[in-house]
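The following paragraphs lead the reader through a protein model, from its overall architecture to individual side chains. Please keep the sequence and the structure in view while reading.

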Amino acid sequence: MSRAFVREGDGDDPGDFPDRLISEHRNLVTAAGLAQIEAELLRAQAGHALAHAADDRSATARAERDLRYWAQRRSSAEVMPKPVGASEVHFGTAVTIVRDDGRRQTFRLVGEDEADPSTGTLSYVSPLAQALLGKSVGDGVQVGANGARIVAIDV
């Protein structure tokens, strides 16, 4: 059959919802991060049930995609123990930096799904976090063209 007579997708085809990308990094999480993943999984299950009950193929496909993502993230989650010391930057610690331009910022290093820099959480795989890991108070870090100095580490 000629392709001229095949209908193109209009965005409502369930096949138009590709799976959400899964990170190649270990799924390290804090206890709070695990709780967030579990809440998202419950939300996805509820959304799937509603979409299925409404016989909405598009919403069902979206919900199934979210269910697959959150189920995978839950099954691969590795809860990291709470840091015991604050002599070096580790997963779960809060680190305060002063940037070259004088800005003072504090971030807690957390898992990818729980990271939200606007609320002070930073993914442990981000370039800044990678530069900070293993460093101590007084150490400087360089990320791209910007530099910063560590002024405090807290658990």
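A residue is called buried when its relative accessible area is under 20%, exposed when it is over 50%, and partly exposed in between, with a 1.4 Å probe and protein chains only. The model is predicted: local features need pLDDT of at least 70 and side-chain atom pairs count only at pLDDT 80 or more, whereas totals for chains, interfaces and linings use all residues. Residues are numbered from 1 along each chain as its sequence is written, and side-chain values use heavy atoms, with hydrogens and water left out.

The protein contains 3 helices and 7 strands, taken as DSSP runs numbered from the N terminus (helices H or I, at least four residues; strands E, at least two). Their order from the N terminus is β-α-α-β-β-β-β-α-β-β. Of the 155 residues, 35% are buried. A contact is defined by heavy atoms within 4.5 Å; among contacts between residues at least 6 apart in sequence, 56% join residues at least 24 apart.

The interior may be considered next. In soluble globular proteins, nonpolar side chains tend to be buried together. A nonpolar core is a set of buried Ala, Val, Leu, Ile, Met, Phe, Trp, Tyr and Cys residues joined through side-chain atoms within 4.5 Å. The largest such core has 14 residues, and V89, V95, I97, L128, L132 and I150 have the most contacts inside it. Two or more residues each are given to this core by β3 (94–99), β4 (104–110), α3 (127–132) and β7 (146–154), and the largest share, 4 residues, comes from α3. Apart from this core lies another of 9 residues, including V29, L34, L41 and Y69.

Which aromatic residues pair with one another? A pair of aromatic rings is described by the distance of the centres and the angle of the planes. Rings of Phe, Tyr and Trp (its six-membered ring) pair if their centres lie within 6.5 Å; planes under 30 degrees apart are stacked, over 60 edge-to-face, and the rest tilted. The whole structure holds 2 aromatic pairs. The ring centres of Y69 and W70 are 4.8 Å apart with planes at 85 degrees, so this pair is edge-to-face, and both residues are buried. F91 and Y124 form an edge-to-face pair as well, 5.6 Å centre to centre with 75 degrees between the planes. This pair links distant parts of the chain, 33 residues apart: F91 lies in the loop between β2 (78–79) and β3, and Y124 in the loop between β5 (121–123) and α3. F91 counts as buried because its relative accessibility is 12%, and Y124 is buried with a relative accessible area of 11%.

Polar contacts, pairs of N or O atoms within 3.5 Å, complete the picture; within protein, one atom must be able to donate a hydrogen and the other to accept it, and residues adjacent in sequence count only if both atoms are side-chain atoms. H48, in helix α1 (residues 31–53), makes such a contact with E64, side chain to side chain, at 3.3 Å. In strand β4 is T106, which is partly exposed because its relative accessible area is 44%. The side chains of T106 and T96 make a polar contact at 2.7 Å. R103, in the loop between β3 and β4, makes a side-chain polar contact with the side chain of D101 at 2.9 Å.
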